[in-house]
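Take a look at the structure below.

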Amino acid sequence: MAFPQTRPQAPQLPQHLLRTIECQQGAVRAVRFNADGNYLMSCGSDKSLKLWSVSTGTLLKSYSGHGYEVLDADGSFDNSLICTCSSDKTVILWDVATGQVTRKLRGHAGKVNCVQFNEEANVIFSGSIDGTVRCWDVRSRRYEPIQVLDEATDGVSSLKLMQHELLTGSVDGRLRRYDLRVGQLHVDFINSPITCVCFSQDAQCTLSSSLDSTLRLLDKSTGEMLGEFTGHKMKGYKLDCCLTSKDTHVLSCSEDGHVYCWDLVEGSLTLKLSVGPAVVQSLSFHPTETCLLTAMEGRVQVWGAEPKETEEDVMDT
């Protein structure tokens with residue numbers, strides 16, 4: 001006799017507000033998890049970067065050295081280094097423990113929108129409004145980039161690195177994927193300025209958001225459109241999109257104060273998370289757990305799948 005199979009549980013979504021962090025660094029331009037998801041980085045319009053504990057909301061360190069607002073940040077795999085980029089046209093490499101500037105990298109001709117380490121954290125990739133992606137050797141004492149990718153005909157708004165592939169999105173409406181091992185470039189045309197790009201966790205698909213208020217999921221190897229996600233508002237701001245850590249859902253910021261969450265396979269809107277009355281500027285999904293960060297004005301919100309335990313709950317257990 002065969003027992004009936006148990007229905008797989010629907011994946012949980014981060015719909016409960018766990019804490020709000022008052023960052024006190026002007027408007028928060030971007031919020032990012034570190035590599036293991038225990039810490040978060042907030043990029044401020046007051047030229048500062050701040051490092052926080054996700055679980056307690058405690059400020060751990062402030063980093064000052066940019067001459068204008070900080071637009072993006074990334075942490076190394078071992079949590080020893082952070083790289084940031086800014087409207088001051090520079091990329092800075094920070095020592096996490098001391099808060100000191102290790103390197104200040106100059107070369108971009110305009111504000112730098114996005115920055116990321118490679119897996120070994122020995123190369124930094126930065127994308128700028130000047131239409132280039134610059135690759136910097138962290139270990140070298142040279143001040144020039146080791147490579148400049150200048151195929152974009154307008155500003156580079158977003159970049160993501162996964163293993164040996166670099167994905168970039170540009171205001172010229174093109175999604176470019178560089179195979180860094182063999183030196184190949186693949187281009188997909190999206191008929192709207194791109195604001196954010198990312199790979200799926202299984203590295204088979206690319207996700208991009210653009211200013212026609214549409215997210216597009218493409219098959220990485222063929223460029224075939226696998227899904228379109230709409231309903232949110234993205235007309236004039238450079239806002240983030242991402243996939244959940246298990247590739248089950250697609251998430252996007254919106255100018256109407258919500259985070260929109262769609263089922264990846266069905267394309268249906270699963271959750272419309274109300275964050276507040278202003279534009280949701282940035283978001284970041286935990287690398288392994290059901291936890292989401294959002295940024296609105298001067299605050300960062302931490303969202304989880306389960307409601308926050310109250311003192312009564314703790315005493316009961």
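## The second largest pocket

In this predicted model, the second largest pocket holds about 450 Å³ of space. Its lining has 21 residues, and K111, N113, Y237, K238 and Q281 are the closest to its centre.

Two strands, strand 2 and strand 18, each supply at least two residues of this lining. Strand 2 gives the most, with 3 residues. By residue type, the lining of the second largest pocket divides into 8 nonpolar, 7 polar and 6 charged.

## The largest pocket

The volume of the largest pocket is about 1,200 Å³. A set of 39 residues lines the largest pocket. Nearest its centre lie D74, Q116, K160, L161 and P287.

The lining of the largest pocket divides into 20 nonpolar, 12 polar and 7 charged residues.

## Strands around the largest pocket

Which strands each supply at least two residues of the lining of the largest pocket? They are strand 2 (28–33), strand 6 (70–75), strand 10 (112–117), strand 14 (156–162), strand 18 (194–199), strand 22 (241–243) and strand 26 (282–285).

Strand 14 provides the largest share of this lining, 6 residues.

## Strands to look at again

Strand 2 and strand 18 are among the strands that each give at least two residues to the lining of the largest pocket. Strand 2 and strand 18 also each supply at least two residues of the lining of the second largest pocket.

Methods
Residues are numbered from 1 along each chain as its sequence is written. This is a predicted model: local features need pLDDT of at least 70, side-chain atom pairs count only at pLDDT 80 or more; totals for chains, interfaces and linings use all residues. Side-chain values use heavy atoms; hydrogens and water are left out. On a 1 Å grid over the protein atoms alone, a cavity is a set of points where a 1.4 Å probe fits but cannot get out, and a pocket is an open set with protein on both sides within 12 Å along at least five of seven lines; lining residues have an atom within 4 Å of a point. Grid points are joined across faces, edges and corners, and a volume is the space filled by probe spheres set on the points. Helices (H or I, at least four residues) and strands (E, at least two) are DSSP runs, numbered from the N terminus. Ala, Val, Leu, Ile, Met, Phe, Trp, Tyr, Cys and Pro count as nonpolar, Asp, Glu, Lys and Arg as charged, and the others, Gly among them, as polar.
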